[in-house]
Amino acid sequence: MVNSKSSTANDSVFTNLIQWTSLKSGIVKRDISNYFSISYSLSQSLLGLGALAGLFLGLFCVEHSGRKNGVLIAVLIYTPGWISIGYFSNKTIIYVGRILTGVACGFCSLTVPIYIAEVSSFQFRGRLEVINQIGITIGIFLAFLVGSYCNFKQSATAALIIALAMGILILYIPDSPRWLLAKKKRYEANKALKWLRGNLYNVEDELNNIENNLEQLPMAALNGFRTPGFCRALLYGSTLMFLQQMSGINAMMFFGQKLFQMTRMGKIPLVLYLLQVLITITACFLIDKCGMRKLLMLGAFGMFFCNLLLGVCFEIFIIPVNNKTLENHFDNNDKNMLEFSNTIFHDSYSWLVFTCFLLFIASYSIGWGAIPYLLMSEKSPPHMRSLLCALVLGVNWLFTFLVTFSFNILINLVKIQGALWFFSVWCFISIIFAYYFV
């Protein structure tokens, strides 16, 4: 999520950070909530915008510098990004840091799947791609765990330490044998493949097979754009990424904290993110038994139902208070309702909202969390894999940016329930797409 989901890692951190810097700079005078909404949406969406730029910059780097060096470059970008976020109070510098971490996410989101696809044997490629997704969900859980108990500076420092550790560990693994052979480095490719497969494995047959494919690369690349395999993989992959984002997952992850505040439940329980890890691991074992299409349909139906029911909850159990202030409303001593942004929510139904959130995360994780990335990797023609992954992931990051930036605007236009119903329509379309086209 690294892909678009990893950008949720410091949700609570940025909530406090943007509010603090806004107040300190004197920009917010009378209407804190309105400015905060704009700043918060901007801070969250900037990562998606940075990742989109980093994705295509990463495409150039991984082809010329190698898959391994692509990750090292990402570490070099992560470092000033997290320093800017954690150790500066100027809002502009923080936004720059957010963009830099986004660029690094774009690098990793392209480099890691390509590296896994090129170093793994065919029979284990799919499982390793799912393990990559499991690692992302574990990272999200750990980031929220740290963010729950640490301030933004400590959280940024923890992320910086992890990035540096990644840079150190990546030095001990070989580069992609396929890329090394493409650069006429057969000795290094032989050594790398032995490291990956073991000294008892006869690597010559695999090296010869890769070399034969590389000899056909110029003609295949020239005609690749016109082949049905490339066009179909690009169309299916892009559509799956588009529908993944239009399910509302990143809106839920980024702005779920504000929705939880409306239901008087405080911070989002960490059990939601732990559940995401467990369900993603479960999906790893269910893909071979149930098939990708069934899991995508099941996940889309679950998200459709949860978005629909959440919208009904916010339609029925929220009452406008006619611009009363928070202090005036609490003078009524009504302990069963909470006011937020000129609305009150019946506290007795908070359990229903929590249940919907729980089921939504579970539904997303069972199908749409990992399978679009798995399909993207498996269906990519080897000679066009880098370009195809960049284009498909570009769609993902573009709509991550658009959805997170426009969510508050959507709420202002059609209210929270309207936004949730809007996402439920796309989830229903996802069911149809998975049934007929996957």
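These legends walk through a few close-up views of a predicted model. Local features need pLDDT of at least 70 and side-chain atom pairs 80 or more, while totals for chains, interfaces and linings use all residues. Residues are numbered from 1 along each chain as its sequence is written, and side-chain values use heavy atoms, leaving out hydrogens and water.

**View 1. The whole chain, for orientation.** You're looking at 18 helices and three strands (DSSP runs numbered from the N terminus: H or I of at least four residues for helices, E of at least two for strands). Of the 438 residues, 53% are buried; buried means under 20% relative accessible area, exposed over 50%, and partly exposed in between, with a 1.4 Å probe and protein chains only.

**View 2. Glu118 meets Arg67.** This is one of three salt bridges in the structure, each being a side-chain nitrogen of Lys or Arg within 4 Å of a carboxyl oxygen of Asp or Glu. The closest N and O atoms of Glu118 and Arg67 sit 2.8 Å apart. Glu118 belongs to helix H4 (residues 91–119) and Arg67 to helix H3 (residues 67–87), so the pair ties together parts 51 residues apart in sequence. Both Glu118 and Arg67 are buried.

View 3. Arg186 pairs with Glu204, with 3.2 Å between the closest N and O atoms. Arg186 is in helix H8 (residues 186–197) and Glu204 in helix H9 (residues 204–215), 18 residues apart. Arg186 is partly exposed at 28% relative accessible area, and Glu204 is partly exposed at 29%.

**View 4. Helix H13 against helix H14.** H13 (residues 271–290) and H14 (residues 292–316) pack at about 120°, axes 7 Å apart. Axes here are lines fitted to C-alpha atoms over the stretch in contact, with angles from 0 to 180 degrees between N-to-C directions. That makes the two helices oblique to each other: angles under 35 degrees count as roughly parallel, over 145 as roughly antiparallel, 65 to 115 as roughly perpendicular and the rest as oblique. On the H13 side, Ala283, Leu286, Ile287 and Cys290 make the contact; on the H14 side, Met292, Lys294 and Leu295 do. Contact means heavy atoms within 4.5 Å.

View 5. Leaving out residues up to four places away in sequence, Ser430 touches Leu243, Ala300 and Trp368. Thr239 is 191 residues away in sequence, yet its C-alpha lies 9.3 Å from that of Ser430.
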